[in-house]
Amino acid sequence: MEVVETVQEMQQICEAIRLAGETIALVPTMGFLHQGHLELMRVGRRHADKLIISIFVNPSQFGPGEDLDQYPRDREGDLEKARKVGVDLVFMPSAPEMYQEGYQTRVQLEKLPRHLCGLSRPGHFDGVATVVAKLFNITRPHIAVFGQKDYQQLTVISRMVMDLNMDIRIIGVPTIREPDGLAMSSRNSYLNPGERKSALSLKKSMDLALELFREGERRPGVIIDAVRSLISGHPFTEIDYVALCDPVTLDSVEVLGERNLLAMAVRVGKTRLIDNCLLQNGSDRDDHI
Ligand code: AMP
């Protein structure tokens, strides 16, 4: 496994892989790898000859007062995990390597960022789209793998790829959870034991919503109220949003249809957690793309 820190070297290596007739899968991450990330890598491994991951805590997707400086890092641990899962190349650029002096270009989507997390994190999805577009240009992948845990991000990337005619297949992987149901996240490391317990309320509230939907409830307000009150009954929680929306446009819905996305962001102590699931006829599964 090779670790590459410069854009130029990465581009040369990827050009050589393509010239040799081999395919490339890319898994972008911010590091502090957990089983969710590793699952994305296993999927990427199965779909291409060469598996590249990037580890880059992208400053342009963090807002003022967010956790850019505290974001957990573990270079050696990450490299060990990547090696074990069969990664061929790790791209680990510095921030100045990615954003050279005079940098001024951004990829901006019109509508998708005006929903869900985009409302409380202005500029976040433009930062994500921009860095992912850059990573695509640097590694020129045939396939790129993202988690459904960050559903809005996956939607934004899929739309960007379509809109800008990027010749890349985007694969979405269902959310990997801890045995008790908490969605895996690098940010779970911020939680103290009491907060960790309360964090389970997100999954519990989604189970409740699925049950109500299965029983025939189709009024978004009723489901949202039930979700909110279950979460609020747990200490340390502060709801940012709970939304029921169209899984493609992310517009909120007035009556539930065949496929509906239930998405939420909740602050547990100082940690902002997100989760989502699909409410759809005949299924209570998480895998929704
Ligand atoms: P991050 O390092 O948080 O930027 O995440 C990198 C990629 O891993 C993104 O595509 C995430 O959606 C995905 N990811 C993060 N957590 C999970 C999880 N629990 N299950 C599946 N994918 C995940």
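Student: In this predicted model, which residues is F136 in contact with, leaving aside its neighbours within four places in sequence?

Tutor: Contact here means heavy atoms within 4.5 Å. With neighbours within four places in sequence left aside, the partners of F136 are L26, P141, A144, F146, I157, M160, V161, M166, I168 and I170.

Student: Which residues have the most contacts inside the largest nonpolar core?

Tutor: This core has 47 residues. Helix α6 (residues 124-139) supplies the largest share, nine residues. Those with the most contacts inside the core are M98, F136 and I170.

Student: Which strands stand at the edges of the open sheet?

Tutor: The sheet has three strands in the order β7-β8-β9, with antiparallel pairing. An edge strand has a single partner, so one side of it is left without a neighbour in the sheet; this applies to β7 (237-245) and β9 (271-280).

Student: What is the bridge partner of C245 in β8?

Tutor: Strand β8 (residues 259-268) runs antiparallel to β7, and eight bridges join the two. In β8, C245 is partnered by L261.

Student: At about what angle does helix α10 run to β7?

Tutor: Helix α10 (residues 220-232) lies across β7, β8 and β9. Its angle to β7 is about 160°.

Definitions and conventions:
Residues are numbered from 1 along each chain as its sequence is written. This is a predicted model: local features need pLDDT of at least 70, side-chain atom pairs count only at pLDDT 80 or more; totals for chains, interfaces and linings use all residues. Side-chain values use heavy atoms; hydrogens and water are left out. A nonpolar core is a set of buried Ala, Val, Leu, Ile, Met, Phe, Trp, Tyr and Cys residues joined through side-chain atoms within 4.5 Å. Buried means under 20% relative accessible area, exposed over 50%, partly exposed in between (1.4 Å probe, protein chains only). Helices (H or I, at least four residues) and strands (E, at least two) are DSSP runs, numbered from the N terminus. Two strands pair if DSSP finds at least two bridges between them. Axes are lines fitted to C-alpha atoms, for helices over the stretch in contact, and angles run from 0 to 180 degrees between N-to-C directions.
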